[in-house]
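The sequence and structure come first.

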Amino acid sequence: MNDKPAFAAEPAVVSAIEDWRAWLAHERRISNHTLDAYSRDLGSFLRFTAEHLGYAPGLQDLRALEPADFRGFLADRQARGLARSSTARAMSTLRNFFKFIERQGLVENAAIGGIRTPKVPRSVPKALDEVDALETVSVIEDLSEEPWIGKRDAAVLFLLYGCGLRIGEALGLDRDQVAEPGDAMDTIVVTGKGDKQRLVPVLPVVAEALGDYIDACPHDLALDGPLFVGKRGKRLSARMIQRQMGRVRALLGLPETATPHALRHSFATHLLQNGASLRHVQELLGHSSISTTQVYTHLTNGYVQKEYAKSHPRA
């Protein structure tokens, strides 16, 4: 777990927060990144409450909070120009925390249940078209002076666009999860959010890219160690791939939305455009709910309408 943040609260509240953080990390198995975000949300609320009360809140103060107190927190965030999506997540964090301390028999506060979360427009993923996606995967290899690094970056992007992996899933792979170069590699087991595993088919072009990288890598890739490494042989960070994608955007004139994650969106969108079922795409992406996958139908519906307008003689 990351370093403990400081909270504007009495020791009993801080102790409850640490229990909550431990529960999120070990029982819910959320990522450190998400845990940090939740902690910032709760810290922001406690700072607001401390300023509102004039002192650091204790458990009794949390029990006594009224709807007006929570609405004041929302109004403060709006006045500071914070995004609705950020505020919606903060309210979700508060509900999660208050439910936890209620289950622990510490505090029961019904007021938070009556607070409406700001509505957030559902965002549609920004996918690249097929030409841009393929060109992105192709050109990134030529942007590095060291050939093995170029092959590494290409292999990572092939996993994002060719297998629909998240960047964290690709960089989290260990060497023993992929076959030796030249051996058949039809599938890989990917560990996604919540440590859920899924079997993902590997296209020959993806297997070839992985083999090229492994052959060229100057580091000894231990079987129980990372597959993708940096110059010093340590596990590759997402920042390096994001930086290279920035160079690709500049080279190809792509929009800021052309990120590594956009390649995963492109994978899903192009599969649906070419006849794949929504259920199969859900399984490949590792979505727990098909409603999460259905957001891609907005993209494919637009594609179908555009193709119809281009091809119908009366359009």
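Which residues form one aromatic cluster? The cluster is made up of Trp20, Phe45, Phe48, Phe70, Phe73, Phe97 and Phe98.

## Basis

This is a predicted model, in which local features need pLDDT of at least 70, side-chain atom pairs count only at pLDDT 80 or more, and totals for chains, interfaces and linings use all residues. Residues are numbered from 1 along each chain as its sequence is written, and side-chain values use heavy atoms, without hydrogens and water.

## Aromatic pairs

The whole structure holds eight aromatic pairs (ring centres of Phe, Tyr or Trp, with the six-membered ring for Trp, within 6.5 Å; planes under 30 degrees apart are stacked, over 60 edge-to-face, the rest tilted). Phe45 and Phe73 pair edge-to-face, at 5.2 Å centre to centre and 85° between the planes. Phe45 belongs to helix α2 (residues 32–53) and Phe73 to helix α4 (residues 67–79), so this pair ties together parts 28 residues apart in sequence. Helices are DSSP runs of H or I, at least four residues, numbered from the N terminus.

Phe48 and Phe73 have ring centres 5.9 Å apart and planes at 55°, so their pair is tilted. Both residues are buried (under 20% relative accessible area, 1.4 Å probe, protein chains only).

In helix α6 (residues 130–139), the buried residues are Ala133, Thr136, Val137 and Val139. Their cover includes α7 (147–163), α10 (238–252) and α11 (260–273).

Ala154 is located in helix α7 and counts as buried, at 4% relative accessibility. Beyond its neighbours within four places in sequence, Ala154 is in contact (heavy atoms within 4.5 Å) with Val137, Ile140 and Glu141.

Technical notes
Buried < 20%, exposed > 50% of the residue type's maximum accessible area, 1.4 Å probe, protein only. Helix = DSSP H or I, 4+ residues; strand = E, 2+ residues; numbered from the N terminus.
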